[in-house]
Every structure is written in C-alpha cells, then in structure tokens.
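Subject: A structure for you to look at

Hi there,

Here is the structure I promised to pass on to you. Have a look at it first, and then read on for what turned up in it.

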Amino acid sequence: MCYLLAKKFKEPGSVTTKTRRGTELADFSSQLQKKLGKEVHLITVTRPSAYGEYAPFTFVKDYDEFEKAAFKMK
C-alpha cells in the first residue's frame, strides 16, 4: 500500500489517494504528470504524515477523483 500525492508548491495542502504500487500506478501517474505539466507535482509515499510540507491532506477515493482534484490545482 502507498499513497499518491499531488501538490502545487507555494500553496497549502495536497490531494492524496490510497493505492498500490505497480504498473497501473506508474502508468496513471506518468500520464497525469504529462497532462498537468510542471505546475503540479506528483509523488508516491508510504506515509503521508511524514511529509508535513504537504499538509493538510485532502483524501479522495479513487484515481478519477484524484485526477479531477489535481487539475483544479492548476
């Protein structure tokens, strides 16, 4: 288990979703990062709480909600 986070630097908070490591995550995050450009950064972590600079966290339930929320950051 891991978490995918989206963060627009110099703005508070991030969006995160619980996921699993593997091809699906790699493909999704790679394609999404291309669409988002350099404004919004994506990272994968095992414990969001270890990344205080990304707080507060907005948790979403799936990749569809994650993508919509990440685009709202642009």
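Which elements do the buried residues of α2 pack against? They pack against β1, β2, α1 (23–36), β3 and β4. Please keep in mind as you browse that this is a predicted model.

Helix α2 spans residues 63–73, and its buried residues are Tyr-63, Phe-66, Ala-70 and Met-73. If you look down the axis of α2, these buried residues fall within an arc of 70°, so they line one face of the helix. The face turned away from the buried side carries Asp-64, Lys-68 and Lys-72, which are exposed. At the start of α2 there is also a contact to find: a side-chain oxygen of Asp-62 comes to within 3.2 Å of the backbone nitrogen of Asp-64.

Next, the sheet. Four strands form an open sheet in the order β3-β1-β2-β4, and their pairing is mixed. At the edges stand β3 and β4, each with a single partner strand, so one side of each has no neighbour in the sheet. From one strand to the next, the twist averages 25°. The strands β1 and β2 pair in the antiparallel sense over five bridges, and Leu-4 stands opposite Thr-17 in β2. Helix α1 packs on the sheet, where it touches β1, β2 and β3, and its direction makes about 160° with that of β3. Helix α2 packs on the sheet too, touching β1, β2, β3 and β4, with its direction at about 165° to that of β2.

Finally, the aromatic rings. A pair of rings is described by the distance of the centres and the angle of the planes. The structure holds six aromatic pairs. In one of them, the ring centres of Phe-9 and Tyr-54 are 6.1 Å apart with the planes at 70°, so this pair is edge-to-face. It links distant parts of the chain, 45 residues apart: Phe-9 is in the loop between β1 (2–7) and β2 (14–19), and Tyr-54 is in the loop between β3 (41–45) and β4 (57–60). Phe-9 is partly exposed, at 41% relative accessible area, whereas Tyr-54 is buried, at 6%.

In another pair, Phe-57 and Phe-59 have ring centres 6.2 Å apart and planes at 50°, so the pair is tilted. Phe-57 is partly exposed, with 23% relative accessibility. Together with Tyr-3, Phe-57 and Phe-59 form one aromatic cluster.

Enjoy exploring!

Definitions and conventions
Residues are numbered from 1 along each chain as its sequence is written. This is a predicted model: local features need pLDDT of at least 70, side-chain atom pairs count only at pLDDT 80 or more; totals for chains, interfaces and linings use all residues. Side-chain values use heavy atoms; hydrogens and water are left out. Rings of Phe, Tyr and Trp (its six-membered ring) pair if their centres lie within 6.5 Å; planes under 30 degrees apart count as stacked, over 60 as edge-to-face and the rest as tilted. Helices (H or I, at least four residues) and strands (E, at least two) are DSSP runs, numbered from the N terminus. Buried means under 20% relative accessible area, exposed over 50%, partly exposed in between (1.4 Å probe, protein chains only). The arc is that of the directions from the helix axis to the C-beta atoms. Contact means heavy atoms within 4.5 Å. A polar contact is a pair of N or O atoms within 3.5 Å; within protein, one must be able to donate a hydrogen and the other to accept it, and residues adjacent in sequence count only if both atoms are side-chain atoms. Two strands pair if DSSP finds at least two bridges between them. Axes are lines fitted to C-alpha atoms, for helices over the stretch in contact, and angles run from 0 to 180 degrees between N-to-C directions.
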